[in-house]
Amino acid sequence: MNKEYTEAKARFEAGVLKTLQKNKERKDAFSTGGGLPLERLYGPEMTEGADYLKEVGFPGEYPFTRGVQSTMFRGRFWTMRQYAGFASAEESNERYRYLLASGTTGLSVAFDLPTQIGYDSDDPMAQGECGKVGVAIDSLKDMEILFDQIPLDKVSTSMTINAPASVLLAMYICVGEKQGVPMSALSGTIQNDILKEYIARGTYIFPPKPSMRLITDIFEFCSQNVPKWNTISISGYHIREAGSTAAQEVAFTLADGIAYVEAARSKGLDPNVFGERLSFFFNAHNDFLEEVAKFRAARRMWAKIMKDRFGVTNPKAQMLRFHTQTGGSTLTAQQPENNIVRVTMQALSAVLGGTQSLHTNSMDEALALPSEKSVMIALRTQQIIAYESGVTNTVDPLAGSYVVESLTNEIEEKAFEYIQQIDEMGGMLTAIEKGYVQKHIQDSAYEFQRAVESKEAVVVGVNKFQIEEKNKDMKLLTVDASVGERQIKKLHELKASRDNAAVSNALEAIRLAALDESRNLMPLIIDAVRVYATEGEICGVLRGVFGEYTENIVL
Amino acid sequence: MDERKIRVVVAKPGLDGHDRGAKVVARALRDAGMEVIYTGLRQTPEQIVETVLQEDADAVGISILSGAHTFYFTKIINMLREKDAGDIIVFGGGVIPDSDIPALLEAGAGAVFGPGTSTTVCVEWLEEAVAKKRAKE
Amino acid sequence: MDALLEKALGGDIRSIARIISLIENDNPEKDVLLKRIYPMTGNAIVLGITGSPGAGKSTLTDKVIEHFRSQEKKVGVIAVDPSSPFSGGAILADRIRMQRHTGDPGVYIRSMGTRGSLGGLSRGTRESVILLDACGYDVIIIETVGVGQSEVDIIKIADTVCLVLVPGMGDDIQIMKAGIMEIANVFAINKADKPGVDRVAAEVRLMLDLVKERPWVPPVHLTIAENGSGIDELVESIVSHGVFLKNNPDGVRREWRRLAFEVEEILLQHITRMAEKSWNAYKTDEVMEQLLSRKSNPYTVAEDVLSKIIPGTRMV
């Protein structure tokens, strides 16, 4: 910086010192939510010497800091994709049609825990859990009901399913078949990210090696047959929800991504090809500036990783495309209407961060699954940002902000440090085995809890500005306890009416193929699903061959 | 001479995999001098009850965020009673609507700590509850 | 206490658990109880499983339990984890790996914190083993905190100690440290599908070469606890060692050492308790002043305290 500036700055700092003597600042030191130190003022010296073209660049061009497309939201808004699903396929289908009529542009399916963990509704492990956190899907029959009157060639569907993703994808394909929609026309996403299950989410089934095999089988199958399908949503959302910092969220997510690319590559798949269909899923948390910087840093980092580490030359495969969900764990049970405000700010940070698709949480998040009314408000939040706030009328508006560019750099630096440590340890699978990742997350979670309890971190309505709250008048969604019973009845009817011989044969074929690492399991799973083998039956066969994962505790 | 430690089982029943809260509470209880037996995920009510008995726990903390709280709380409380262990304190937390709490307390839960509860409150309540329980022994 | 003991001997889990708590809490009645049941002990295989964190001890223990259960043997497990030196509390999470056995009436698992004890086990471990032995458990497994310089209590309590090593964790250096070879009666090199396993095995065998004249040369087993590989052979060696202890004079001598240690432990506990009591009664401000001003000295004070317990004691 030139002499004039330096001198002026020094005068400014001297003035600040005088002010501080009279009026102290609220804290001795300020930092972002993720613990990065925050200066009082960011000025041009922060970005001095930065090579704009190399580090920031243009939207739609390497390293994609400013976005993955040149016109971003001036061309098309992000997909407004509200995660939904509960109880039975019939009730969820109703909610999906309601959402589509209200203006969502994509579906996002939430499955219940038994479905996510490969258990049918009549399994003893499923007791009490049917339909509670999402829709219960036991077989193709349920899937057909779920998408009744929903044209799969017109809608893109994201399915939050991981360990048994192959089965649910197979079901979706079969529903498309029945509707006359070929696989090549289907568009959507399966989450299919098992590593973060081991780290933070807990709905794993099989141990890491066979799980990676299933994932790469899907990559291979889809790149040949379902080209518009995003075969994985490498997730940081849950890692953040489990308590990590922003830099850790980026670092561990991208490290997972590295592990997946390596696995696919060693299977003989070309990163230039499957790389196009990798997608990511991040959290939109509280610290507004840090979050915007985080998304930009993630894009730049992934582009560098794909180019430098994996030699990817196809720009579409260097791009980090992502879905965002606002941070559920930031929402409070106390004074729930406040959550609408929190979600608005978080959603805005995701939009300014250039997200491709967004789910906004409902205000009753900390209490139950969203009611119709609260889900409507959440959707309207996105629509108001899109149509009324003006921020969508220009691309990457916060670029060039001294603090945002500074934080973008810092998060990248910090995240690369973590990735390097993971590399030195032998990669993400080893890091997870050793508990390295989990320990960092838990430590951050505990630190945050202490900060809240010491009131260093304020949560409005919880540790400050509390009110005496009587019975909240909110109408909460309740899931009918009879869902489980109804599902069990349906299962019995299904098993009585299907071709059980065909099912047996199909299951046996899966079992044999599972034993042979060189076989791709997808076609066989599709065959089994088509003859109405249940999810539990298919996963049961795979459990028999692959075994089950036991969690690694590091406390 | 040892003072008598408070022993608490922290359990995750059912299929819910969200363990951030359970782990934070476990650490807080440990930092308050208690011995915490952490069961890990995917516990059946039978496993939880058997663990409580084998470990001679004073209390068991149940963490549920999946909506299946009424099912699990009542099952565990009833099983403990059947085994003549109704004196063991049952408490918990997670995503549990206020309107469901009275029924849980009626069924025999000592306390339900909703989102936003500080761990200090939890520790203090537990210490008091255990003192009361021991006074009756 | 009597009623409780009767129920425990009858197999009531809650009673067994309660007595172990009384033992852990140093309840004054426990000595009488232990005296009563001692004659019923000496039948169980007492197996210690130790090794650094991450070696897979708990997973191994889980498989060993499975093996013994398939032979219909009753198994008791005491899993020890370190207590926090600051708060005195502990997070005990070893049972997670063995949780599938919870619900099997033939398996009892108890988690313990070290509660300030520095030897890798807790003070109550030894006595809990006595209880479980008397209650008819055929095999009692003690799973301890990682092995290091000081965590050697396990050899004083277990008949057979299995040391679990893993390739790639710097264990080759650990092996060189004094005491390791003295501790283990059986070696398990776990996660044997990982690179570096041959090197670790070679290092161990090299060290064992130095002791090859001894009556019992610890066998080295390669295991993959995750899938059960090598477990059967490992257990066979453990059982053989138990037989060796009974039949071989060297084994008998080892048992004697262990029993002597038991007596010494109890003596120390009591003497320490008496000394503390005596000292606390003696320790007035006046005495402390005398020490501070050098009018008296710690040795004379100690002599005085001791002679209150044992008249005429002199330091010589």
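Predicted model: local features only at pLDDT ≥ 70, side-chain atom pairs only at ≥ 80, totals over all residues.
Showing the contacting residues on both sides brings up 31 residues of chain C and 30 residues of chain B. Six salt bridges cross this interface of chain C and chain B, and for a look at one salt bridge, centre on Arg115(C) and Glu35(B), where the closest N and O atoms lie 2.7 Å apart. Between chain C and chain B there are also 21 residue pairs in polar contact, counted with both residues at pLDDT 80 or more. In a cartoon view, the elements to pick out are α2 (13-24), β3 (90-92) and β4 (107-113) of chain C, each of which gives two or more residues to the side that touches chain B. Coloured by class, that side of chain C divides into ten nonpolar, eleven polar and ten charged residues.

Next, keep chain C and bring in chain A, where six residues of chain C are in contact with six residues of chain A. Chain C and chain A bury about 560 Å² between them, with 56% of it on carbon and sulfur atoms. On the chain C side, select Ile91(C), Ile96(C) and Arg97(C), the residues that lose the most area to chain A and that together account for 66% of what that side buries. The interface of chain C and chain A holds two salt bridges; Glu433(A) and Lys191(C) meet through their side chains in a salt bridge at 3.4 Å, N to O. Three residue pairs are in polar contact across this interface, again with both at pLDDT 80 or more, and the side of chain C that touches chain A has three nonpolar, no polar and three charged residues.

Finally, stay within chain C and select helix α4 (residues 57-70) and helix α10 (residues 231-247), which pack at an angle of about 75° with their axes 10 Å apart, so that α4(C) is roughly perpendicular to α10(C). To see the contact itself, show Leu60(C), Lys63(C), Val64(C), His67(C) and Phe68(C) in α4(C), which meet Ile231(C), Asp232(C), Leu234(C), Val235(C) and Val239(C) in α10(C). The residues of this contact of α4(C) with α10(C) divide into seven nonpolar, one polar and two charged.

Technical notes
Residues numbered from 1 in each chain as written. Chains lettered and ligands numbered in written order. Heavy atoms only, no water. Axes fitted to C-alpha atoms, helices over the stretch in contact; angles between N-to-C directions. Helix = DSSP H or I, 4+ residues; strand = E, 2+ residues; numbered from the N terminus. Parallel < 35°, antiparallel > 145°, perpendicular 65-115°, else oblique. Contact = heavy atoms within 4.5 Å. Nonpolar A, V, L, I, M, F, W, Y, C, P; charged D, E, K, R; others polar. Salt bridge = Lys/Arg side-chain N within 4 Å of Asp/Glu carboxyl O. Polar contact = N/O pair within 3.5 Å; in protein donor to acceptor, adjacent residues only side chain to side chain. Buried area = accessible area lost by both parts, 1.4 Å probe.
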